[in-house]
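Subject: Structure for your review

Dear colleague,

I am passing on the structure we spoke of, and below it you will find my notes on what was found. Please read them alongside the coordinates.

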Amino acid sequence: GVNPDLASERQTASFSVEKLTAWLDGGAEHTRIRRAVVEAIQSDPIFSRENQYFQSQNERYEAAVRKAVHLQKKMHEMGWTENGPEYKYIYRALSGDVAFLLQRVFKRSISVLGSEKQIARWIPLATQYRIIGSYAQTELGHGTYLQGLETTAVFDVSTQEFILNTPTVSAMKWWPGDMGRSATHTVVFAQLYIRGKCYGVHPFIVQIRSLQDHSLCPGVTAGDIGPKMSFEHADNGYLRLQKVRVPRENMLNKFCEVQPDGTYVTRGSEKINYLPMTTVRISVISDEVIIPLMKACTIAIRYSVVRRQSKLKPGEQEAKILDYQTQQEKLLPQLAAAYAFHFINNYLQELLDRGYREIQRKNFEPLPELHAFSSGFKAMVTQYCTSAVEICLRACGGHGYSLLSGLPSLYTKILASCIYEGENTILFLQTARFLIKCFMAASAGQPIPPSVTYLAAVDPGKCPAKNKLDFLSPDIYTEAYRHTAVRLIGSVVAKLQDLIHSGVKKYDAWNQCTVQLVQAAKAHCHYISVVNFAETVEKLETKPDIQKIMKHLCDLFALHGIFSNAGAFLHDGYISGAQMDMATASYLDLLAVIRKDAVPLVDAFDFTDKTLNSALGSSDGQVYQRLYEWAQKSPTNTQISPSYEKYLKPLLHNTLSKL
Amino acid sequence: EALVLNDPDFQHEDLNFLSRSQRYEQAIRKSALMVMKLRQYGIADPEEIYWFKSFVHRGRPEPLDLHLGMFLPTLLTQATPEQQDRFFMPAWNLEIIGTYAQTEMGHGTHLRGLETTATYDPATQEFILNSPTVTSIKWWPGGLGKTSNHAIVLAQLYTQGQCKGLHAFIVPIRQLGTHEPLPGITVGDIGPKFGYDEMDNGYLKMDNFRIPRENMLMKYAQVEPDGTYVKPLSDKLTYGTMVFIRSLIVGDSARSLSRACTIAIRYSAVRHQSELKPGEPEPQILDYQTQQYKLFPLLATAYAFHFVGAYIKDTYRRISGDINEGDLSELPELHALTAGLKAFTSWTANAGIEECRMACGGHGYSRCSGIPDIYVTFTPSCTYEGENTVMMLQTARFLVKSYTQVSSGQEVTGMVSYLNDLPRQRIQPQHVAARSVRINEPLGLVEAYKARAARLVEAAAKNLQAELNLRKSKEDAWNRTSVDLVRASEAHCHYVIVKLFAAKLSEISNAAVRAVLTELCLLYALYGISKNTGDFLQAGILTDAQSTQVYQQVKELLAALRPNAVALADAFDFHDVHLGSVLGRYDGNVYENMFEWAKKSPLNQKEVHESFHKHLKPMQAKL
């Protein structure tokens with residue numbers, strides 16, 4: 001049965017959980033499909049994750065390969081295809097714990113960067129898993145800054161081949177997924193040299209393992225890079241190439257080509273190269289970041305109504321820890337953020353779809369905006385959600401520290417997202433560069449993209465709020481966010497211009513302002529998130545119950561931001577000290593209001609117990625029973641350890657006294 | 001140190017490549033060896049044992065921690081002389097290995113909620129121990145799962161039909177000789193955790209398990225043969241141990257953060273990336289302002305926490321003398337202060353270690369960086385020995401009490417004496433420290449932090465009063481103010497740390513060292529202001545213009561500290577083996593050694609992984 005402490009939480013919901021779930025999924029039909037996919041996968045024992053916390057790196061890897069192979073069979077059985085509506089839910093059902101994830105990246109890079117001929121040759125092989133692909137860009141000594149890569153590809157006219165080489169230790173490819181043990185082929189990014197001249201970084205398809213016995217090809221050294229904080233199931237690898245020759249046709253040549261005589265030809269816009277990166281960044285946000293935060297909130301909030309500790313009132317039962325204001329203040333803002341970022345993800349998806357349509361019409365204008373938004377939000381959302389998951393973890397006290405809570409593995413996985421697909425600080429700086437351009441254009445009266453017209457709006461100068469209830473008005477708080485973002489962008493522009501006027505070189509001036517530039521980019525993203533949340537709530541007028549609770553969450557998200565960044569809002573007196581006290585009071589009042597719906601709000605994320613894989617977060621709230629039973633299955637209890645016979649026994653039986 | 005590092009018996013494979021069982025086995029092997037060597041070398045001083053142990057286990061937990069750190073000391077402080085005769089020497093000789101079983105599955109920081117019972121049976125002169133519910137199962141004690149054969153169990157004492165509260169009992173749990181659990185005892189390992197792989201944290205369930213009356217630790221409270229309960233004299237005494245353990249955590253915060261800083265700063269000097277100036281070679285990433293902004297404030301924080309740890313230890317030593325003479329007057333303040341500082345430093349260090357890891361980019365995420373290990377080992381300190389939020393609220397209780405005393409006209413002393421100035425400031429509100437704050441010298445900044453603490457304590461106390469006027473229940477009012485109360489405690493702790501750091505400067509005789517530490521102190525204080533500008537602006541402690549200057553000065557300090565950054569990290573003097581990091585190596589030969597390290601990964605043991613034959617090949621054949 002359900003733990004009564006959890007059951008009682010569900011009786012007081014102010015809205016229909018099922019309706020909220022359907023709305024989050026984008027319609028009841030999507031919910032139905034998702035549940036069917038999850039059910040089909042989770043009822044199959046091969047996909048079980050029950051033992052994953054007990055497994056070694058080798059066992060995890062083997063299980064992931066096994067699942068990946070089995071998945072092909074399953075998809076065939078179920079009639080799922082890569083373009084079908086079910087596909088996106090498969091990853092969710094597996095929680096990403098599966099091998100060959102790079103196969104998609106391998107294929108996408110060929111379809112985007114390869115010619116028709118190359119696509120026709122390679123894509124079918126990869127689709128049928130005749131070859132297993134990887135994507136080798138990052139090197140031991142080089143990451144986000146692509147121009148710095150050291151691997152070389154020298155064109156040899158006499159044999160019509162490229163000779164790929166890893167000239168130094170730091171040039172070794174390092175980190176690519178599926179490369180350590182699985183991949184047979186990989187796309188290698190290398191500096192192209194023709195007749196001694198360097199033409200910059202280009203992609204080459206390189207075979208690294210034999211298709212017969214999987215042994216390494218001549219000149220190739222490859223292996224696993226060793227244990228990481230997470231991703232035990234993935235064989236992130238290293239790759240060293242010593243004079244490895246590939247035919248001229250293996251350079252992906254949609255945009256540039258080396259002709260047989262060594263002539264280098266380019267065609268089309270190079271900017272288009274940004275598009276795959278933009279798409280990947282946006283897909284990272286939803287699968288790798290927002291869903292883990294939703295899971296963490298589900299686990300932490302359910303556990304917080306089951307866990308009782310201390311007494312709030314003398315003589316009463318110990319209180320649920322979620323009834324403590326401090327616990328609410330830890331968890332509920334993270335819940336609001338999970339919703340806020342779910343909506344931002346929808347916003348970015350629309351922006352991307354719109355941009356994509358333009359690009360297909362050969363209009364490349366939206367590219368810089370798309371690039372700036374995907375960079376900034378990737379950085380902001382990953383950073384915010386990573387610390388949010390950690391807050392959830394720590395809010396579960398000692399039991400959160402057990403792997404069986406599910407929280408440590410969610411955390412170690414999500415925090416990798418702050419680094420891959422572009423290091424966050426660098427991404428913020430890219431967004432800042434775009435904002436500064438737009439700000440200067442706006443000041444000069446030139447047109448700017450619609451998403452940033454706020455930079456040019458008229459500013460009232462002072463916040464008009466008169467009492468704490470005014471801070472529950474979206475107009476009041478969005479305007480405060482807008483003002484702060486514009487002020488921060490404006491002041492860093494002024495600072496940069498000052499420095500340049502005083503004779504400082506442009507790049508030095510930039511480095512001296514980077515800390516402020518990052519702040520400005522964050523303020524921009526935060527503002528857009530708040531506005532987008534408020535607009536989403538407005539559109540909900542046909543669902544009054546859901547609209548009401550979403551409005552509370554929107555207010556909480558906005559006021560939490562003001563409360564945590566008070567200095568930025570107080571700085572020029574836009575919000576006065578007295579108004580800040582009002583905002584804080586409203587913020588704290590909201591905690592008690594949302595508290596009542598906390599469990600229904602996480603139930604609406606609709607994760608199965610198998611997806612959560614957590615003793616603390618299960619939907620029946622039988623936390624302690626589950627923890628006890630699961631722990632007994634640990635190999636430390638079921639397998640005999642040699643420690644007693646070998647070390648403890650001599651110790652206890654006092655061979656010591658002989659000393 | 002050299003004694004351990006050069007001893008071949010303590011060498012082993014890199015722990016990152018071992019499974020949990022193997023790590024436990026290695027730890028047990030080393031612990032057993034360690035005990036023998038300690039006896040062999042005749043090391044007995046607690047401080048020396050501590051250092052020896054920390055080098056043997058390289059700062060990691062080990063299965064005998066609880067035996068050495070809790071079981072033996074508890075016997076010493078709470079056992080009667082007769083009990084010491086029975087248990088202490090066998091325990092000292094490790095015939096008895098013990099642990100300390102307090103926390104239960106459903107109960108942690110709130111001790112009164114523990115459910116385990118010990119019911120006295122005068123007929124047989126025994127206590128009957130029981131775990132009446134699932135939530136009452138002892139859960140987490142280190143060394144309990146596989147190692148120990150005894151445990152000190154905390155249980156609610158029932159005698160003559162009455163509950164007398166929590167008491168400690170010595171409970172044998174495994175058969176001497178076979179190491180099998182005794183009848184009535186269910187014991188095991190609680191499964192894998194975030195870190196602490198080498199520790200067998202355990203569970204313990206007792207069903208009508210009987211122990212003789214003499215197994216209750218009876219130096220203070222006693223149960224007589226007929227069941228009569230004799231009360232202990234004072235309960236304040238237990239404060240002493242808590243203060244001591246929390247002071248160790250403050251020291252641990254400093255050390256763990258220093259280790260992470262050392263790794264991140266050295267690596268940032270080795271790593272080159274991107275370009276600062278067109279056409280020039282890629283610069284060291286430590287030359288980027290954003291990188292300095294991530295790391296240098298943490299370096300300053302690590303230094304600050306070192307001084308705080310030393311201060312608490314000294315104060316504790318000083319007043320333990322008074323305590324032995326029966327003077328407990330300073331204990332409440334120290335107790336309240338260490339609770340808050342334990343929470344403040346462990347929270348900050350926890351976040352700081354993560355920032356260091358993140359500042360190392362992708363390679364920070366690899367176990368070879370050593371930072372993941374530092375993090376997972378350190379992070380539980382936010383929970384154990386008192387959950388941090390609860391600790392902050394304890395400090396707040398003391399602050400509110402002091403504020404109330406001041407309001408009623410009494411003077412308060414010690415670190416909270418700034419509250420004495422509050423009534424005066426209310427008369428002339430314009431004069432609040434403000435306007436005149438000197439932000440370019442440590443003492444000026446101490447004043448600023450003091451003013452902020454005073455304001456936030458006052459605000460929390462007033463909000464609490466307002467809530468009390470609205471509703472009947474004191475507890476409700478307290479709960480509805482608790483977010484404010486935590487903020488007040490944080491501000492108080494922050495002030496104490498800045499104050500201690502600034503005070504330390506005058507003790508440094510070497511001018512060059514003083515100069516660089518002054519820069520660190522300024523950076524620590526100014527960075528803290530820039531992260532909490534709201535508090536300083538709202539209270540009128542700083543003007544808008546000053547808060548802009550604070551920012552500017554932080555940036556200037558980053559540039560000023562840049563040339564000394566590696567030296568400041570080197571000064572922590574961590575040996576490479578202790579650091580356990582490829583990125584943080586003293587010689588900076590990072591990339592070659594990463595490659596060497598990776599080759600040892602378990603996945604690389606065979607050239608072709610067995611998964612190929614088992615899964616990949618059949619699939620390729622079928623498709």
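Leaving aside residues up to four places away in sequence, Glu385(B) touches Ile245(B), Arg246(B), Ile249(B), Lys342(B) and Met391(B); please bear in mind that this is a predicted model. As for its place in the chain, Glu385(B) sits in the loop of chain B that runs between helix H10 (371-378) and helix H11 (388-407). With a relative accessible area of 37%, Glu385(B) falls between the 20% and 50% cut-offs and is therefore partly exposed.

The other part of my notes concerns the domains of chain A. The assignment for chain A gives domain 1, made up of 1-23 + 277-360 + 368-614, and domain 2, which covers 133-270. In the contact between them, domain 1 of chain A takes part with nine residues and domain 2 of chain A with four residues. Taken over C-alpha atoms, the centres of domain 1 of chain A and domain 2 of chain A are separated by 39 Å.

Between them, these two domains of chain A bury about 530 Å², and 77% of that area is on carbon and sulfur atoms. On the side of domain 1 of chain A that touches domain 2 of chain A, helix H12 (residues 407-414) of chain A gives the most, with three residues. Across this interface the rule finds zero salt bridges, and it likewise finds zero residue pairs in polar contact, where both residues must be at pLDDT 80 or more.

With best wishes

Methods. Residues numbered from 1 in each chain as written. Chains lettered and ligands numbered in written order. Predicted model: local features only at pLDDT ≥ 70, side-chain atom pairs only at ≥ 80, totals over all residues. Heavy atoms only, no water. Helix = DSSP H or I, 4+ residues; strand = E, 2+ residues; numbered from the N terminus. Buried < 20%, exposed > 50% of the residue type's maximum accessible area, 1.4 Å probe, protein only. Contact = heavy atoms within 4.5 Å. Domains from an automatic or database assignment. Buried area = accessible area lost by both parts, 1.4 Å probe. Salt bridge = Lys/Arg side-chain N within 4 Å of Asp/Glu carboxyl O. Polar contact = N/O pair within 3.5 Å; in protein donor to acceptor, adjacent residues only side chain to side chain.
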